[in-house]
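Take a look at the chain below. Pick out single residues and ask where each one sits and what each one touches.

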Amino acid sequence: MISDGGVDEEEKYLAAGIAGLQQNAFYMHRALDSNNLKDALKYSAQMLSELRTSRLSPHKYYELYMRAFDELRKLEMFFREETKRGCSTIELYELVQHAGNILPRLYLLCTVGSVYIRSKEAPAKDVLKDLVEMCRGIQHPLRGLFLRSYLSQVSRDKLPDIGSEYEGDADTVSDAVEFVLQNFTEMNKLWVRMQHQGPAREKEKREKERSELRDLVGKNLHVLGQIEGVDLDLYRDTVLPRILEQVVNCKDELAQYYLMDCIIQVFPDDYHLQTLEIILGACPQLQPSVDIKTILSRLMERLSNYAASSSEVLPEFFQVEAFAKLSNAIGKVIEAQDDMPIDGVVTLYSSLLTFTLHVHHDRLDYVDQILGACVGKLSVIGKLEDSKATKQIVALLSAPLEKYNDIDIALKLTNYPRVLEFLDQGTNRVMANVIVQTIMKNKTCISTADKVEALFELIKGLIKDLDGNLDEVDDEDFNEEQNAVARLIQMLYNDDPKEMLKIIGTMKKHIMAGGAKRLPFTVPPLIFCSLKLVRRLQSQDENAGEEEEDTAVTPKKIFQILNQMIEALSVIPVPELALRLYLQCAEAANDCDLEPVAYEFFTQAYILYEEEISDSKAQVTAIHLIIGSLQRLHVFGVENRDTLTHKATGYSAKLLKKPEQCRAVYACSHLFWVDDQDSIKDGERVMFCLKRALRIANAVQQMATATRGSSGSVMLFIEILNKYLYFFEKGNPQVTVASIQGLIELITTEMQSDNTTSDPAADAFFASTMRYIQFQKDKGGAVGEKYESIKI
């Protein structure tokens, strides 16, 4: 083993070794070209002597070995040509044994042995047995490993397997298996012995180097897995016991973990299933430090995938009682390793659960049994704080949801909520989020109040504070979680109005306990969910009289619930959101012809506007929402409508900024002229609003002149002109050609004035308006006649 200080020297040794190897390879090639067998053997032996070095690390030794390997392939081709020219393979086999040093001699012997087997002058099993026995002559761990790796490499396509051209008489498969097992056993011994080479302070480095060499040993198991003649009986009676005997007896943590993993990965799934008891029986015999949980998890993962591949293989699992054996083995491992971290325990149960869901997907009692065992272990620890364990618990609890695509299944598992109890607030939120995402991904419809109650108990980590640590949650994550809950609310549905009302009541109970930070996310979707029910009831109104008033689901009852929820929002306070929701409810009440209810909602919206909304931008947005909603409502009588419109126009005139005042006031004109309602066509009040808007626009111009020395943009005048044109087209008799003509002249005069500030947007808007008037003129007919007298 080379110390860190000797890295440069190691490079020198490697360079010297490569130089020596290349020099002798050159002379070997010259001898091969002249068919000089004696010199070829001499120089090949000298070339291979470079592999006798003990001064290189495994990584550097590998570089040297690969160069020698390439040269040996060329030498093997030469030997094959020699045999074709009449040279006896037996004589060649004996001749290479005269090489002076044992390592070159054995490399040459393996090379000729490959040609010997190919020539079929002797049974393959005899040559292989001879080679594997003679390789015992190299007991240096590193040199021995690479020598046996070379033997494995040159012989892998020459094993006396069934269907192979080297298949001999009788039980030749056993000979092939015996050869590979013997080579594997010796290589593993050499590999394990490497840990004792060198000073104790370099043990960590040696373990890393050993880990890099593990594939040399594992290739033997891969070769065994490729032998066609290894059937289940041979595997169960010979191959697996011999491999496990070596694994257990080597008592090396690295070797045991790697080789157990190799066994699981290399051999067929059905072999694992039929020999489950044997392989599970070896697990408790491994060193305590071996990561048995990962070994068992990978075994169960392979078996799970095997079960998922075809339903035809499931009877095999039932026959061997796979669940009972795995469950028992896991219990023994956990019991034997008292110090196993909780994440390891949960990993094992999670893997067993995945296996169970694939094999026994109809046995909920098995699933509940696994969760119960997990609860038993968690009860000793209490609340989980380990992040790895948290992830595993989430995986454990997610598996049934993903498999069954139905939250109802999880609700039938008595131990499911018990596992959730051991999670802290953060993990509870994570798990609740997984449940929500699973429901949305599978588009699961939860259609009864009882199910909704159970579901909200499971996801309470998202909808309420469990331990008051809400401040620790990242705002972005919190918003994403609450948006997920909002989407979930929209998926809770039942065609029966009575049951739907119960579902809404259940959701309201849980959501209203969510706290001020959550309500703005969760109340709006619940309100719109309730409004959907109102619309449905509205369409089914003709059947309403068939039920008693106390038991019937009526829009009035729902509006009472809605009012309570919006009141909770206004207390938080989020007045802008509450105002929007009041207006939505007012429109719904309007569609149900419930004037008192619609009036009450509008009243609450006005109160919020007056008492809670003080920001000028928010006021502008709110007043336009009020005007837009009020314009669409038709349910109000004359008195109520006058009250509401009067308030709206009053609010408009009191906005802080004059331009906003102007726009709000001319928007109010639409409150007095509604196309599809003859009762709401008051031309005088429309004109009053437009004239008032003009006065405000004129005041804006004067203020601009007073403060900046030049009048401002004429944009407001152009906007008002467009309103004039709108009501002119709609047939408002108060909007005359003269009033439109006067406004056009005013705008033109202002635009041509030297004091007016240039505004390209206003110029473009005015030009577009003039084009529109001209377009209407050119139409002809009644419209053209109407516009004809307007001069532009």
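## Thr-427, a buried residue

Thr-427 is buried, with a relative accessible area of 4%. The cut-off for buried is under 20%, so Thr-427 falls within that class. This is a predicted model.

Where in the chain is Thr-427 found? Helix 23, which covers residues 425–442, holds Thr-427. Leaving aside residues up to four places away in sequence, Thr-427 touches Thr-390 and Val-394. Gly-86 is another matter: 341 residues along the chain separate Gly-86 from Thr-427, and their C-alpha atoms are 77 Å apart.

Val-367 belongs to helix 19, made of residues 364–381.

Which residues does Val-367 touch, not counting those up to four places away in sequence? They are Leu-353, Thr-356, Leu-357, Pro-400, Tyr-404 and Leu-413. Now compare positions with Thr-354. Val-367 and Thr-354 are 13 residues apart in sequence. In space, their C-alpha atoms are 9.3 Å apart.

## A negative patch on the surface

Now turn to charge. Asp-474, Glu-476, Asp-477 and Glu-480 gather on the surface as a patch of negative charge. Why do these residues count as negative?

Glu-476 sits in helix 26, which spans residues 475–490. Its relative accessible area is 61%, so Glu-476 is exposed.

## Salt bridges

Side chains of opposite charge can pair when their charged atoms come close. How many salt bridges are there? The count comes to 29 salt bridges. Three of them are described here.

Start with Glu-63 and Lys-60. Their side chains meet in a salt bridge, with 4.0 Å from N to O. Both residues lie in helix 3 (residues 58–84). They are three residues apart, so about one helical turn separates them. Glu-63 is partly exposed at 31% relative accessibility, whereas Lys-60 is buried at 14%. The pair also belongs to a network: salt bridges link Glu-11, Lys-60 and Glu-63.

## Bridges between helices

The side chains of Asp-261 and Arg-298 meet in a salt bridge of 3.0 Å, N to O. This pair links distant parts of the chain, 37 residues apart. Asp-261 is in helix 12 (residues 253–266), and Arg-298 is in helix 15 (residues 292–309). Asp-261 counts as buried at 16% relative accessibility. Arg-298 counts as partly exposed at 29%.

Arg-663 forms a salt bridge with Glu-719, and the closest N and O atoms are 3.0 Å apart. Arg-663 lies in helix 34 (residues 658–668) and Glu-719 in helix 36 (residues 715–729), so this bridge ties together parts 56 residues apart in sequence. Arg-663 is partly exposed at 25% relative accessibility. Glu-719 is buried at 14%.

## Backbone details in the loops

Which peptide bond is cis? The bond from Ile-572 to Pro-573 is cis, and its omega is near 0°. Pro-573 is found in a loop, between helix 29 (555–571) and helix 30 (575–591).

Asn-35 lies in the loop between helix 1 (7–33) and helix 2 (37–48). Its relative accessible area is 44%, so Asn-35 is partly exposed.

Glu-321 is not a glycine, yet its phi is positive, about 55°. Glu-321 is in the loop between helix 16 (314–320) and helix 17 (322–336). With a relative accessible area of 51%, Glu-321 is exposed. The cut-off for exposed is over 50%, so Glu-321 falls within that class.

Methods:
Residues are numbered from 1 along each chain as its sequence is written. This is a predicted model: local features need pLDDT of at least 70, side-chain atom pairs count only at pLDDT 80 or more; totals for chains, interfaces and linings use all residues. Side-chain values use heavy atoms; hydrogens and water are left out. Patches are made of residues with over 30% relative accessible area and no salt bridge: like charges are joined within 9 Å, nonpolar side chains (Val, Leu, Ile, Met, Phe, Trp, Tyr) within 5 Å. Accessible areas come from the Shrake-Rupley method with a 1.4 Å probe; for residues, only the protein chains shown count as cover. Lys and Arg count as positive and Asp and Glu as negative; His and the chain ends are not counted. The place of a charge is taken as NZ of Lys, CZ of Arg, CG of Asp or CD of Glu. Helices (H or I, at least four residues) and strands (E, at least two) are DSSP runs, numbered from the N terminus. Buried means under 20% relative accessible area, exposed over 50%, partly exposed in between (1.4 Å probe, protein chains only). Contact means heavy atoms within 4.5 Å.
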